[in-house]
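Thanks for coming, everyone. Let me put the structure up, and then I'll walk you through it.

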Amino acid sequence: MNLINTATALSQLQENKWYYIESDGNLNSDILAIKLENNWIYVSFIGGEYDKISIKFEYSVRGLNEIYQHEYNKNYDLSTDFKKTNLNKISLIALFSLGLIISKNREALYSKVIKIDEHSKHFKKLKF
């Protein structure tokens, strides 16, 4: 597993290839695996509280608005340009996306669980 810098821009990633970044500790995970596929970002949490949970979220205005409405009660107002978005920002959005999925206050349209280990303490909270 080759770790890449969190300052790497989305525009530098190849589609359908996994990249790994080290967590800064605020993400409750040791490593994040990130993959870009069309306008969807796939994220697997490795280690920490969310170990073996994989999610995806749509990296679009509507997808980010859904996440930010849940997290901040406002629309996403930053650029969605792949050149201006780095993996550090993606890791934070992924955590917010996971929070939206886990909260179940409403059905998430643009954030989805892909896989979860049955031994995770969040297993019963999440549905597919």
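Ground rules. This is a predicted model, where local features need pLDDT of at least 70 and side-chain atom pairs pLDDT 80 or more, while totals for chains, interfaces and linings use all residues. Residues are numbered from 1 along each chain as its sequence is written, and side-chain values use heavy atoms, without hydrogens or water.

Back to the helix. Helices here are DSSP runs of H or I, at least four residues; strands are runs of E, at least two; both are numbered from the N terminus. α2 covers residues 87-103. Of its 17 residues, 13 are buried, so α2 is largely enclosed by the rest of the structure. Buried means under 20% relative accessible area, with a 1.4 Å probe and protein chains only. After α2 comes K104, with a positive phi near 55°.

Now the largest nonpolar core. It has 32 residues, and I41, V43, F57 and Y59 touch the most other members. α2 gives the most to this core: ten residues. Such a core joins buried Ala, Val, Leu, Ile, Met, Phe, Trp, Tyr and Cys through side-chain atoms within 4.5 Å.

Last, T8, in the segment before β1. Is T8 buried or exposed? Buried, at 15% relative accessible area. Beyond four places in sequence, T8 touches L13, T85, N86 and L87, contact being heavy atoms within 4.5 Å.

Conventions. Buried < 20%, exposed > 50% of the residue type's maximum accessible area, 1.4 Å probe, protein only. Expected span 1.5 Å × (residues − 1).
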